[in-house]
Amino acid sequence: MVLGIVPDNFFTPFLEGNPLQIIFLAALAGMAMLILGNRASIVSLFLEQANAIILLIMENISAFVPVFIFGSLFNMILGKNFSVLLKAYKVLPIMLLGDVFLMAVYTGLVCIRKKVSTAVFLKKVFPVFLIGLTTASSAAAFLEIRKVCAEKLGIDKKL
């Protein structure tokens, strides 16, 4: 596995979709940019602008994810394939209890660490919880997460 991280050339990890090799190349390029410092400012500016463009595209695409999920479920109901979902109801209560427990623990930890009341915190992040719960997709909640973090929680957009 260790030898498989180093790619034969620069393009094969991207063509084959090998995540370990892509991460290796990214770490290598990042270290080189850190060593070069100001001499790599043009590359750094390009990557920052490319990141902004990709985030904009992701925000616009993720705005439509709930519509596609609803359409898929609606199609499944109309196609009489709903029995697949009914089988999940056997373990659903246990999963929901576990999720509620974890959410309560993490919410409590955040509120204690940041010294904010639970009611205020939940009021600010409720839209994100609602989207995540109804779609079961963090990608669908991505746009709202960024908005809540920047506007309601005061987290810098770069983070």
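Arg 146 and Glu 59 form a salt bridge, with the closest N and O atoms 2.3 Å apart. A salt bridge here is a side-chain nitrogen of Lys or Arg within 4 Å of a carboxyl oxygen of Asp or Glu. Arg 146 lies in helix H9 (residues 142-152) and Glu 59 in helix H4 (residues 41-62), so the pair ties together parts that are 87 residues apart in sequence. Helices (H or I, at least four residues) are DSSP runs, numbered from the N terminus.

The model is predicted: local features need pLDDT of at least 70, side-chain atom pairs count only at pLDDT 80 or more, and totals for chains, interfaces and linings use all residues. Residues are numbered from 1 along each chain as its sequence is written, and side-chain values use heavy atoms, with hydrogens and water left out.

The two partners are described by their accessibility (buried, under 20% relative accessible area; exposed, over 50%; partly exposed, in between; 1.4 Å probe, protein chains only). Glu 59 is buried, at 16%. Arg 146 is partly exposed, at 26%. Beyond four places away in sequence, Glu 59 touches Phe 142, Leu 143 and Arg 146. Contact means heavy atoms within 4.5 Å.

A search of the whole structure finds 2 salt bridges. Glu 144 also forms one, with Lys 147, where the closest N and O atoms are 3.9 Å apart. These residues are 3 apart in helix H9, so about one helical turn separates them. Glu 144 is buried, with a relative accessible area of 17%. Lys 147 is partly exposed, at 38%.

Notes. Helices (H or I, at least four residues) and strands (E, at least two) are DSSP runs, numbered from the N terminus.
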